[in-house]
Amino acid sequence: MNEIDCAKVRDCLPDFASGRIENHRSVTIESHLLSCEDCQSELELIQILRAASPVVPVLLADQIENAVFSSRRPWNRSPWGLSAAALLALAVGVGLSRDRPEVIQDVVYDFGVDPEQGELWLTEDSFLAGDLWIEGLSNETLMKLLEELEGEGAE
Amino acid sequence: MRDSLRGARKISDAELVEQACSGDDRAFGTLVRRHHASAYRVALSITRRDDIAQDVVQDAFIKAFRALGGFRGDSSFRTWMMTVTANEARATLRKRGRWNESSIEVVGPLETSAPDPAEQAVVGQESARARAMLDTLPEKQRLAISARIDEGLSFREIASLIGSSEGAARVNYFHGIRRLRELME
């Protein structure tokens, strides 16, 4: 009988040690511990381990938040990058639909992107590919790119 | 559930996940603050290095943030986050080629709560020794022990964490505890 009790008690010892247990069960466990040296010994070990629970670095949460939000995809961080990417993709798409590969090449090769590699097209999750290289461009370069695109579109 | 029992309105993890998926950064920030400690301890349990554990937790949250839309809520966010962290920790160790490293390099700063300094010192020494012994156990055993004792996870949740059945999780925990008791004697 005591063996069965021990198995049940040991299941609960971590919760008992941390106070995560209902009162009536707590009383039952306390009662068992009074007469069971083996379970007492296991509880002591658990308490020792709890006392040495690793302390979490104080600034870790801040570091994580900073890392998470600074690693977000560029189109989330920069509406300008998103609109530029969308406009670029749209304009290039329009160019393609008109069967004008020379226009695409002008735009693409100026910025080192090869449409054959799929860098300008929609990805599976509907986000625009090619945003990374746009994100790295200066506003001046982006304006120039947009002017070129607008010029091409007006033709 | 626990939140609602307290009476005071505390937004649940599920609600925070929903809000974060809708683009609310503060909601995800709250999830970070609620669960980074558990994630850190999981990472530390696997890597046994504070610096690596911090990097692992950071990367795990970044991945979780990006994959949040795919979180189906089959488990609690906390358990899911701990599992993501455990996987990230193992991947990091594989990358670093440290799978078989047996040296004990890390035991975090001790959390001592005993009021009497003399007693505190003894408890601290014993605790440090126990933690050092814990680090010598196989990964699944020490992870099961840490998750059960530090985090209060159920064996079902531990099973998800270590990638085993509930029975295997229980066996890992009790084998580990038995081995620790032998080592501490």
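## A look at chains A and B

Buried residues make up 23% of the 155 residues in chain A, where buried means that 20 or more other C-beta atoms, placed from the backbone, lie within 10 Å of the residue's own. This is a predicted model, in which local features need pLDDT of at least 70, side-chain atom pairs count only at pLDDT 80 or more, and totals for chains, interfaces and linings use all residues. Residues are numbered from 1 along each chain as its sequence is written, while chains are lettered from A and ligands numbered from 1 in the order in which they are written.

Chain A has 9 helices and 0 strands; these are DSSP runs numbered from the N terminus, with helices (H or I) of at least four residues and strands (E) of at least two. Along the sequence, the pattern of chain A reads α-α-α-α-α-α-α-α-α. Two residues are in contact if their C-beta atoms, placed from the backbone, lie within 7 Å. Of the contacts in chain A with a separation of 6 or more, 58% join residues 24 or more positions apart.

Now to the interface. Here 37 residues of chain B are in contact with 27 residues of chain A. The helices of chain B listed below each supply at least two residues of the side that touches chain A.

| Helix of chain B | Residues |
|---|---|
| H3 | 25–47 |
| H4 | 50–67 |
| H6 | 117–134 |
| H7 | 139–149 |
| H9 | 166–184 |

H3(B) provides the largest share of that side, 10 residues. Sorted by class, the side of chain B that touches chain A has 19 nonpolar, 9 polar and 9 charged residues. Nonpolar here covers Ala, Val, Leu, Ile, Met, Phe, Trp, Tyr, Cys and Pro, charged covers Asp, Glu, Lys and Arg, and the others, Gly among them, count as polar.

A nonpolar core is a set of buried Ala, Val, Leu, Ile, Met, Phe, Trp, Tyr and Cys residues joined through C-beta atoms within 7 Å. Of the 60 residues in this core, B:Ala43, B:Val57 and B:Ile158 touch the most other members. Beyond its neighbours within four places in sequence, B:Ala43 is in contact with B:Ala53, B:Val56, B:Val57, B:Thr85 and B:Ala89.

H7(B) is mostly covered, with 10 of its 11 residues buried; among them are B:Lys140, B:Arg142 and B:Arg148.

Finally, confidence: the model scores ipTM 0.78 and pTM 0.66. Chain B has a mean pLDDT of 85, and 82% of its residues reach 70 or more; pLDDT is the predictor's confidence in each residue, from 0 to 100. Over residues 101–115 of chain B the pLDDT is below 50. Where pLDDT is low, the predicted coordinates should not be read in detail.

Methods
A residue is buried if 20 or more other C-beta atoms lie within 10 Å of its own, exposed if 12 or fewer, and partly exposed in between; C-beta atoms are placed from the backbone.
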